[in-house]
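I opened my notebook to look around a protein model, one stop at a time. Here is what I wrote down as I went.

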Amino acid sequence: MADIARTLDMPANQQFDFWKAALAETFVPLEVTRPGNRPDFRGQLTGLELGAVRMHEVRAEPHTALRTRRLVNAAPSGCYKLGLMLRGSAVLTQGGREAALGPGDFTLYDADRPYTLGFSSRHRMLILVFPHDLLGLPAEQVVRLTATTMPGTRPGLAGLIPSFLAQVADVTDQIGSPATVRLSGNVIDLITTVLAERLDQSTAHSDSTHRALLLSITSFIEEHLSDPGLSPQLIAAAQHISVRQLHKLFHGTGSTVGGWIRERRLDRCRHDLRDPQLADRPVAAIGARWGYPDPAHFSRLFKAAYGTGPRDYRYQTDVTRRNG
């Protein structure tokens, strides 16, 4: 996985502030505290993208991340997070429940509901972030599982999660983008299967088929985001379904085909705009790279989504990075 943030690269008196900013930028806005008042802090954050799924590894000293109702309302994410403890321990609190995690344990939590995640010692944690819509289970059922400890060291389906995710993290540097995107479907399918088993519900064949088709469609979209001609007609033809069926599938997620494509393209553009290695690439070229060859159209869409134009966003990100 690629490095995202290392506090050792910063002066000691800026390290913890840098860490707080890195967590908020990578995940969701959070209030982050640590024991004591020292500004120095040891932490490393790495990550990779598997289509619509993001995988991150956190290695850090003790700290606590708080997602308040105010922060949720100000910046909803539409995502679940799955945290797998690799070393050390943590306690996640959400919805009146508390999940204590040791090595091999994992838990699910909703980034659009308040939560607290606390680490009392040096730790290493793998965190997956993925849209609610991909999970394929009713939200009213999933809420029963959030902030519950799921042991990954016992026999059963849950025991597949730690080893599978570790292997995914190991092989992604060795395979191409299309295979990586398809791999995201396998990750989500395994998580859905494990959660469904814990809910003691058998998913109907039609639900399973629906989920598999939706995953195939979103994977196809991820592989063709750079194509300005990507359209419902093209997607439907590639999946051997009608355009009407395609729209019906997305209607069930609370989104639209066009809205999904736009959100994923703009997220890729935002990622490139804050990448220091792409600082010399023109803003218009970044928009064109992700399917927006018209710079004015790209700028309008970006500003409508994030409240600021792409040039100003890049400038603000650069200033924040230089100021620590």
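**Entry 1: a word before I start.** I call a residue buried when its relative accessible area is under 20%, and exposed when it is over 50%. I also remind myself that this is a predicted model.

**Entry 2: strand 3.** I looked up strand 3, residues 43-50, to see how it sits in the structure. Six of its eight residues are buried, so the strand is largely enclosed by the rest of the structure. Next I checked its partners. Strand 1 runs antiparallel to strand 3, and four bridges pair them. Across that pairing, Arg-6 stands opposite Gln-44 of strand 3. Strand 4 (residues 53-60) is also antiparallel to strand 3, and eight bridges join these two. Gly-47 has His-56 of strand 4 as its bridge partner. How many residues lie between strand 3 and strand 4 in their hairpin? I found two residues between them, and Gly-51 in the turn has a positive phi of about 65°.

Entry 3: At the strand 12 end, the partner is strand 9 (residues 105-110), antiparallel over two bridges. There I noted that Phe-106 has Met-150 in strand 12 as its bridge partner.

A reminder to myself for looking at strands: in a regular strand, the side chains alternate between the two faces of the sheet.

Entry 4: Thr-93 has Thr-116 of strand 10 as its bridge partner.

**Entry 5: Gln-94.** I stayed in strand 7, where Gln-94 has its place. Is Gln-94 buried or exposed? Its relative accessibility is 1%, so I count Gln-94 as buried. A polar atom of the Gln-94 side chain lies 2.8 Å from the backbone oxygen of Asp-110. Leaving aside neighbours within four places in sequence, Gln-94 is in contact with several residues, among them Tyr-109, Arg-113, Pro-114 and Ala-147.

**Entry 6: two positive phi angles.** Ala-147 lies in the loop between helix 3 (139-142) and strand 12. With a relative accessible area of 1%, Ala-147 is buried. I also looked up His-240, another residue other than glycine with a positive phi, here near 60°. His-240 is in the loop between helix 7 (232-239) and helix 8 (243-251). At a relative accessible area of 74%, His-240 is exposed.

**Entry 7: the cysteines.** How many disulfides does a search of the whole structure find? I got zero. A disulfide is a covalent bond between the sulfur atoms of two cysteines. Cys-79 counts as buried because its relative accessibility is 10%. Cys-269 counts as buried too, at 0%.

**Entry 8: how confident is the prediction?** The protein chain averages a pLDDT of 88, and 93% of the residues score at least 70. Among the elements, strand 10 has the highest mean pLDDT (98), while helix 6 (residues 205-223) has the lowest (77). Over residues 201-205, pLDDT stays under 50. For that stretch the model has six contacts beyond four places in sequence.

Key
Residues numbered from 1 in each chain as written. Predicted model: local features only at pLDDT ≥ 70, side-chain atom pairs only at ≥ 80, totals over all residues. Heavy atoms only, no water. Pairing = 2+ DSSP bridges. pLDDT = per-residue confidence, 0-100. Contact = heavy atoms within 4.5 Å. Buried < 20%, exposed > 50% of the residue type's maximum accessible area, 1.4 Å probe, protein only. Disulfide = S-S within 2.5 Å. Polar contact = N/O pair within 3.5 Å; in protein donor to acceptor, adjacent residues only side chain to side chain.
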